[in-house]
Amino acid sequence: MDTPPANGAPNKLLDQVIRTPGRQPSPQPTHLNVPGSTTRILPQEGSGYVAPKFEGKEQQMEAVMDAVEEKGFIPQDFVESETRWFYNELGIDDMYFSTETVEVIVNHIHSLYAAKVAAYARDDKRLEIRLDKEAVDHAVYIDTSKPGVSVVNGPRYEQRIDEKYLNGSKGSLGYRVESFRSASPLPGSQEQQLRCYFVYQCEFATPDPSDAETDLEKIGEKRFLQKATKNTKGIYQQAIANAVGRTGPVIEYFEIEGSREKRLVLAYKQGSALGLFSALSDLYHYYGLTSSRKYVEQFSNGYTVMSLYLRPAPQLAASSRYPPIEASIHQIIKEISLLYCIPQNRFQAHFATGKLSLQETIYAHCVWVFVSHFLNRLGSEYTTLASLLDTNNSVHAELLSKLKRRLRAETFTADYILEIINQYPNLVHSLYLAFANTHYVQTRGEHDDFIPTLSFLRLKIDKVLGDDELSDLITKKVANEHHEMVMTAFRIFNGSVLKTNFYTPTKVALSFRLNPTFLPPQEYPQPLYGMFLVISSEFRGFHLRFRDIARGGIRIVKSRSPEAYAINARSLFDENYNLANTQQRKNKDIPEGGSKGVILLDVHHQDKARVAFEKYIDSILDLLLPPTSPGIKDPIVDLHGKEEILFMGPDENTADLVDWATEHARTRGAPWWKSFFTGKSPKLGGIPHDRYGMTTLSVREYVLGIYRKLNLDPSKVRKLQTGGPDGDLGSNEILLGNEMYTAIVDGSGVLVDPKGINREELVRLAKKRAMIAQFDISKLSSEGYRVLVDENNVKLPSGEIVYNGTTFRNLFHLRGGSHYDMFVPCGGRPESIDLSSVSKLIVDGKSVIPYIVEGANLFITQDAKLRLEKAGCILYKDASANKGGVTSSSLEVLASLSFDDAGFIEHMCVREDGTAPDFYNNYVKQVQEIIKNNAALEFEAIWREHQATGELRSTLSDTLSVAITKLDEELQGTELWENLELRKSVLGDALPKLLLDKLGLETIMERVPDNYLRAIFGSYLASRFVYSYGISASQFAFFAFMNKRMARLTTQGS
């Protein structure tokens, strides 16, 4: 195992970036001083805080001396000297003395004196003073401190202040901190000084201002406004104004006139960097600096400002290991941005003790997250079983997925992986060097006018090992096979990172674009095209896509308990992969392949959904956009080497955040900001699925298809629906349908009427988007009833007693004896019907529900679907029925790409007064027609194929998706695309007529990215061929299909 280097902390060398004076950053997520630009110099006097003079200080001191003398603990000769030392030598300002009582001050003086006495009894004669007092509205901590050294043992007062006071500070409920270091060393020690911390509950003049309010006099805390000098108020005013306009922190520093001391000012949104106060101490200690004063101020608009006065630690100043403060201040500024992403990483102790640098510990933290998701721990037995089963068989695939989840659960827990990595700091150092050697950019090569950064100089000083050498080193150093697997995963991580924002000077979370080829194909048979991993203190997240051009929603996963979090963390990647794969199958009619993003909130940050989403989006943008502001966004190493565009949309817990993402992409200069997110508000050109019933139109086409094929009268069809009139899918299904509803289940309970639920009342609720709890039960027949989730012991008209309303609601769709003709799940939990419960819907080998159209995603498991179909149910699965929304989103993206900014605003953005442009209204109608047409084509293809082969529809749906997507990919790689006339002909058919009429094909081809047009070309030809000729059509059939198209071309040409 590793041992620490003999000389303790590694060599510390810093960069000092010299930039063009006066260069200003463009709008970016983080604002910081660009070194080399004009630095403000503050006068030595009046630059910080001036405590209001405590007029009664002398009288109080006399009273304190009398009380100390009366107690008799301190010899009479020392009473005055000890009291005056406390009052005058410790750097404590008058605010403390005006706040505390005589009794408290006496206790503190006694504690300090007792520590001095105790020191004489120690062999090392070391003086240790530690005292604290915590009241409801304030706290005091005094500790012995060696300048420039982090103490990892002991009371850890700064961590305590973070956890107890600063982390929870929010708006008007906050705490401010003042910290001072004694000017002179403690008696008998040249190295030890006293560090005092004073915590005060905030009192705001304006406790509830608007989020955008930046006037310091309105948002400032009363004590701060009283004590801060005009100069400090000006600095804070500017810092807060900058912070409100950014996603990340504002970092600035100032020279102090006539001194080497530097003042560092940091402003950021409350709650966005928990533990930062204590982590900053570890950072500047690492560079041989100490602080004379520190202040943490809260502002009622939700922002925090920290101010640190840094100077070289006296005993370390002469050491050659540390660079001069004039250089190190720039590296500290740079690394605060890294620290802000993960203030308290899992390897912080190695940083605090100097075994590893901040960059190395945060790198290790990121790899720890990676390893916990991807360590191949299934073993050869799983591989053997997987080879025996048919992965194309949906039931087999689902079984393997569940087995994989169970096998992964316990073998390598996150804590076990952490324990292993912690044992090998030297290996982490070597592995980090290999990572840095690839991804660190020395901006202008050897001629760069930087003082080289720590990272760059380490590459010059320490030998960077190749992959084979690292493999040998790991084998030699590790204790056993498990340890080797974990440390080898670092090499896999290094080899998979194609680009990262790790070395970008400003960032809010760490993002990595990974090459997904490291995934074992036996576990993940469908290869991914792209993978992003994003890590912050509040969350971890992935974005996965199966094609270059792909689209899918971003969801935020919350956990109700630590146990739920552990389960969610284990299944995070697999859930993301499966969701993206489902999306891939669903997107068969559109140019985009399937993608999905999942953000898992940390167990301690369940209230940080918006913060997490903003950091996730911003850090992914770091890897998609070229750098435009030197010193703010420097170039990154791009091993992928191709421009990437991601298309995203809303999902669980993100619907109200997409407008922000659209505006943010625009602010950051993304040329594709209009198409970045779908589901945005109409004022930004969005087409709301719920308002126009886009998803329901597709589901409805399958319902109507069944009625048409079987000559059923919809008004006589008895219908069950989960997902009530309050939801998007449920409300629109009610409004568009005309069946006889006999039961509806929603979040509030169950509504049943065997004679038909009153349609007028249902329509009223659907238009109002209200739950069935608001249904007028006087409109039910004598056989009808309603049971709400919070009701117990309800007697039904049949005489049956419902003991628990929630259980009744959750299991209602599985009740036997109830007779429905059509079941349309429009909402409900995934896997509500699985292999263990489906038998309740099958009586005497026959399905009790004849027809099911699965509107809600993943409501029925694949094996349960097949059982129902074998029992005679006509069933269309979600990947076929629920594709209206993705079609609408795709056509929204197409319009965004086709218009220039001015045209997009004119024709696609609903105006401030709520009126929509004529083009927008007509385009929405055309999108609705395209959705219905695509759904009808697939319905007919599956019905026809089932009639011809007897194959189950749920299997045919998957086979159809695979056939279209496979042919699509093949077509995009053929020479057919090079035939310009064919290309124009196909695009002319594929693109919406309204868009062609408005802009013309040539303009669209000029504006829309080539790879997106190629995807439209491939998906249109593939889907039309498979829908027309069938799933198993031969190459000859495709030849005939293409001959017809070419003949049309010839006819048009002549």
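This is a predicted model: local features need pLDDT of at least 70, side-chain atom pairs count only at pLDDT 80 or more; totals for chains, interfaces and linings use all residues.
Are Glu938 and Lys883 buried or exposed? Both residues are buried.

Let's start with salt bridges. A search of the whole structure turns up 62 salt bridges. I'll take three of them.

First on my list, the pair I opened with. Glu938 and Lys883 form a salt bridge, with 2.5 Å between the closest N and O atoms. Where do the two partners sit? Glu938 is in helix H33, residues 918-949. Lys883 is in the loop between helix H30 (878-881) and helix H31 (884-898).

Next pair. Glu158 and Lys294 meet through their side chains in a salt bridge, 2.5 Å from N to O. This one links distant parts of the chain. Glu158 belongs to helix H5, residues 157-166. Lys294 belongs to strand S9, residues 289-299. How accessible is Glu158? Its relative accessible area is 10%. The cut-off for buried is under 20%, so Glu158 counts as buried. Lys294 has a relative accessibility of 3%, so it is buried as well.

Third pair. Arg176 forms a salt bridge with Glu178, and here the closest N and O atoms are 2.8 Å apart. Arg176 and Glu178 are both buried.

Why would such side chains pair at all? Side chains of opposite charge can pair when their charged atoms come close.

Elsewhere, a network forms: Arg176, Glu178, Glu221, Arg223, Lys227 and Glu297 are joined by salt bridges that share partners. So much for paired charges.

What about charge on the surface? Look at Glu58, Glu62, Asp66, Glu69 and Glu70. These residues gather in a surface patch of negative charge. Take Asp66 as one of them. Asp66 sits in helix H1, residues 57-71. Its relative accessible area is 49%, so Asp66 is partly exposed. The cut-off for exposed is over 50%.

Gln584 is in helix H20, residues 562-586. What does its side chain reach? The side chain of Gln584 comes to 2.6 Å from the backbone nitrogen of Gly594. Gln584 is buried, at 3% relative accessible area.

Ser169 is in the loop between H5 and strand S5 (175-181). A polar atom of the Ser169 side chain lies 3.1 Å from the backbone nitrogen of Tyr175. Ser169 is also a buried residue, with a relative accessible area of 3%.

Next, backbone angles. Arg156 is in the loop between strand S4 (138-145) and H5. With 34% relative accessibility, Arg156 is partly exposed.

Asn711 is another case. Its phi is positive, about 55°, and Asn711 is not a glycine. Find Asn711 in the loop between helix H25 (694-710) and strand S18 (718-722). Asn711 is exposed, at 70% relative accessibility.

Last topic: spacing between C-alpha atoms.

Ala766 is in helix H27, residues 759-768. How far is Ala766 from Ser731? In sequence, 35 residues; in space, 4.6 Å from C-alpha to C-alpha. Ala766 is buried, with 2% relative accessibility.

Then Ser292, in strand S9. Ser292 and Glu261 are 31 residues apart along the chain, and their C-alpha atoms are separated by 9.0 Å. At 11% relative accessibility, Ser292 is buried.

Notes: Residues are numbered from 1 along each chain as its sequence is written. Side-chain values use heavy atoms; hydrogens and water are left out. Patches are made of residues with over 30% relative accessible area and no salt bridge: like charges are joined within 9 Å, nonpolar side chains (Val, Leu, Ile, Met, Phe, Trp, Tyr) within 5 Å. Accessible areas come from the Shrake-Rupley method with a 1.4 Å probe; for residues, only the protein chains shown count as cover. A salt bridge is a side-chain nitrogen of Lys or Arg within 4 Å of a carboxyl oxygen of Asp or Glu. Lys and Arg count as positive and Asp and Glu as negative; His and the chain ends are not counted. The place of a charge is taken as NZ of Lys, CZ of Arg, CG of Asp or CD of Glu. Helices (H or I, at least four residues) and strands (E, at least two) are DSSP runs, numbered from the N terminus. Buried means under 20% relative accessible area, exposed over 50%, partly exposed in between (1.4 Å probe, protein chains only). A polar contact is a pair of N or O atoms within 3.5 Å; within protein, one must be able to donate a hydrogen and the other to accept it, and residues adjacent in sequence count only if both atoms are side-chain atoms.
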